[in-house]
Amino acid sequence: MSAGAAYLIKGVSVVGGEPTDLLVRDGAVAEEGRGVSAAGATVIDASGLIALPGLVDLHTHLREPGREDAETVESGSRAAALGGYTAVCAMANTSPVADTAGVVEQVWRLGREAGLVDVRPIGAVTVGLGGERLAELGAMADSAARVRIFSDDGSCVADPRLMRRALEYVKAFDGVIAQHAEEPRLTEGAQMHEGVASARLGMAGWPAVAEEAIIARDVLLAEHVGARLHVCHVSTAGSVEILRWAKLRRIAVTAEVTPHHLLLTDDRASGYDPVFKVNPPLRTAADVSALRAALVDGVIDAVATDHAPHAVQDKECEWAYARPGMLGLETALSIVVDALLDELGWEGIAERMSRTPARVAGLPGHGHGPAPGRPANLTLVDPAARWTVDAGLLASRSRNTPYAGMELPVRVIATFLRGEPTVLDGKAVH
Ligand SMILES: [Zn+2]
């Protein structure tokens, strides 16, 4: 792609507004208005399409280094671009764990080489995710990867003293600790949500209180320290109530919810299909309603995919042996639109899937407009399109989507990263 290539996006609705034209040049949105013309620009007929700020994912598992059979930085980046994303935060539970400047720089460099989305590594809080010693948080923050979010995701930072020290440490450079809230002593052997369905199926339960107890503790620690806390994949109605209380107290806490926790419930386990095994587990219909309401009223700040690719042998086996996790990048926007477009509108979706996550992650080039003078990180979606999820056609190296065969609304038609298309006509450009 030659430097300075220009694109004239004609007749597009910017975040649901009246049709207009966007001129993209030199990596930025150069002009917006009816009847913009630009000699030499490639014209894209976008009538009927909606332009959103490029989506930003706070919670992506790219599996590289270590499990390149499940995903690589490149394949995950391609899945992200096809899902409308221009930036993803890559979780630290790789092999080796991203707990040093060396590993986070490796992931960051692989993201730059793939060039499909901005890959922002998340650093581990503790060495090897072991929960015993703080990792080199400062060295990761000072590295070329400029890490700002730290998380032991997959594991909880269960030791309250260690959690306190981590919050104190990152406060110095406005970092944030993203907690996977799961009191491990309450979830030993857990296979699914603890409730009526688990009792009926005879599976060991993962009680809501295991999540809620950690969130309650951590918002109090964040208040005590005066540091920023982010809560990963909130999944229960009780967690929403604790977050609501914390926000009323002006505690610096943000929270995310996954698309699958906005749509699917624990009765999916009844077929023993491990594609529905995820951590935290699918909850009840009452939890789903509370999570939806919380995303609409802002108690939950953002949607994050928790995209968790797994190789076939780790997923297509008995439920008890299957790894928890689901694919998410290529379906997230469709699921959120399906669940909540009427309540959120396009503005609300742009806020919760792009602007807010960009702010939480400290990505100033993302989560804007699209508007003149801003980097052209944007996605064009067809709100009228419908598509059927075919696991074999996804760009991810893995196949563990819970939505296979489902018809979903909205297709991503094009995605631009700093003015260059990563997706055109619904297909990855390279
Ligand atoms: Zn997690």
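I take helices (H or I, at least four residues) and strands (E, at least two) as DSSP runs, numbered from the N terminus. The model is predicted: local features need pLDDT of at least 70, side-chain atom pairs count only at pLDDT 80 or more, and totals for chains, interfaces and linings use all residues. Residue numbers start from 1 along each chain as its sequence is written.

**Cis bonds.** I looked up P96 and found it in the loop between strand 7 and helix 2. The S95 to P96 peptide bond is cis, with omega near 5°. G369 and P370 are also joined by a cis peptide bond, omega about 5°. P370 sits in the loop between helix 11 (332–361) and strand 16 (378–388). Most peptide bonds are trans.

**Helix 2.** I then turned to helix 2, residues 101–114. Which of its residues are buried? I count a residue as buried if 20 or more other C-beta atoms, placed from the backbone, lie within 10 Å of its own, as exposed if 12 or fewer do, and as partly exposed in between. V103, V104, V107, W108, L110, G111 and A114 are buried. Seen down the helix axis, their C-beta directions fall within an arc of 160°, so they line one face of helix 2. R112 and E113, on the other side, are exposed. Just after helix 2, G115 has a positive phi of about 65°.

L129 is not a glycine, yet its phi is positive, about 55°. I place L129 in the loop between strand 8 and helix 3. L129 counts as buried because it has 23 C-beta neighbours inside 10 Å. H233 also has a positive phi, near 20°. H233 counts as buried with 25 such neighbours inside 10 Å.

Technical notes:
Expected span 1.5 Å × (residues − 1).
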